[in-house]
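Work through the exercises below with the sequence and the model in view. Each task is followed by its solution.

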Amino acid sequence: MTANYTYNKQAPGLWPLYSRAVLPKNKDQGSVTLPALSANLIGVSTTGPKLTRYEQVCGFIPQNSVPMTWPHILAFPLQLKLLTDPKFPIPLLGLVHLRNSITQHRPIGRGERLDIEVRLDGEQQTDRGLEFDLVTECFAAGKKVWEETSTNLFRQSNGGTSAGKKSSGAKPELPRYPNTLDIKAPENLGRRYGKVSGDLNLIHLHALTAKAFGFPRAIAHGMWSKAHVIALLEQQNGWQKGPVTVSCNFKKPLFLPGSAQLNWQERDNAWDYQLLNSKGDAPHLSGEITWHKD
């Protein structure tokens with residue numbers, strides 16, 4: 001099954017899409033195959049009433065260009081469109097965001113017009129279930145300026161041949177990097193970020209709604225954590241100009257309210273970073289920043 005949706009200047013509304021998210025899916029967990037779905041948004045402006053609030057929530061210093069993670073917010077309605085499409089066989093609730101990689105080929109100016117394309121890709125069966133990618137590409141005047149791959153997991157009890165096996169041996173020791181910053185995440189962070197991002201997953205909004213999904217408290221959005229890390233690292237003296245990729249692996253949830261440690265090390269054309277819990281003995285996320293030579 002193939003479907004492509006095209007929107008001109010205005011993304012689809014989120015509330016009708018969220019109403020679809022609660023509809024049951026008739027699925028055979030042993031034979032899930034993703035359809036060829038894609039969506040395009042033509043000529044969307046990079047500015048809007050939420051941009052300044054997004055910068056404030058995530059800690060970005062306003063510049064002539066938009067934050068590196070802002071196109072993710074512009075593309076979010078298209079991503080939700082695909083994940084709630086009747087042809088998409090997997091329920092939205094319960095999907096796990098595993099990884100995210102963003103490449104910014106050049107800074108994107110405030111007020112610039114973008115064409116955004118989102119598609120499903122990278123489907124593969126693993127021992128935990130079905131993994132797939134949401135691939136997003138942004139173009140300005142026909143040239144690709146930004147791209148993102150977000151990898152998600154649909155858990156299945158009959159995943160791969162090693163399903164049900166437990167890993168053996170001790171967990172690898174966490175690396176220790178020389179630079180550290182403390183981070184505070186207030187109780188209302190999930191609601192504030194949800195309003196500007198459109199991501200209103202109930203596990204992020206309030207302790208009561210999070211408990212319905214098995215969490216003791218609300219948890220911070222993974223993409224807020226990544227955005228906040230970038231916002232802080234951009235302010236460091238060693239941050240470089242030019243094309244850059246920021247990859248991220250999501251680990252343990254950051255409960256709200258909570259505190260964390262941003263820990264990183266600088267290399268010639270790459271930085272390693274990790275967001276650790278307040279004790280510094282477990283990661284919320286880890287990743288790498290790589291600058292590309294022209």
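**Exercise 1.** Which residues form a nonpolar patch on the surface?

Solution. This is a predicted model, in which local features need pLDDT of at least 70, side-chain atom pairs count only at pLDDT 80 or more, and totals for chains, interfaces and linings use all residues. Residues are numbered from 1 along each chain as its sequence is written, and side-chain values use heavy atoms, without hydrogens and water.

- Step 1: the patch consists of Val-22, Leu-23, Leu-93, Leu-202 and Phe-213.
- Step 2: together they have about 470 Å² of accessible area (Shrake-Rupley method, 1.4 Å probe, only the protein chains shown count as cover for residues).
- Step 3: Leu-23 lies in the loop between α1 (14-21) and β2 (36-45). Helices (H or I, at least four residues) and strands (E, at least two) are DSSP runs numbered from the N terminus.

**Exercise 2.** Find the order of the strands in the open sheet.

Solution.

- Step 1: the 11 strands run β1-β2-β4-β5-β6-β3-β8-β11-β10-β9-β7, with mixed pairing (two strands pair if DSSP finds at least two bridges between them).
- Step 2: β1 (2-8) and β7 (179-185) are the edge strands, each pairing on one side only.
- Step 3: inside the sheet, β3 (residues 96-104) pairs with β8 (residues 244-250) in the antiparallel sense over six bridges. Arg-99 has Asn-249 in β8 as its bridge partner.

Terms used: Patch = residues over 30% accessible without salt bridge, like charges linked within 9 Å, V, L, I, M, F, W, Y side chains within 5 Å. Salt bridge = Lys/Arg side-chain N within 4 Å of Asp/Glu carboxyl O.
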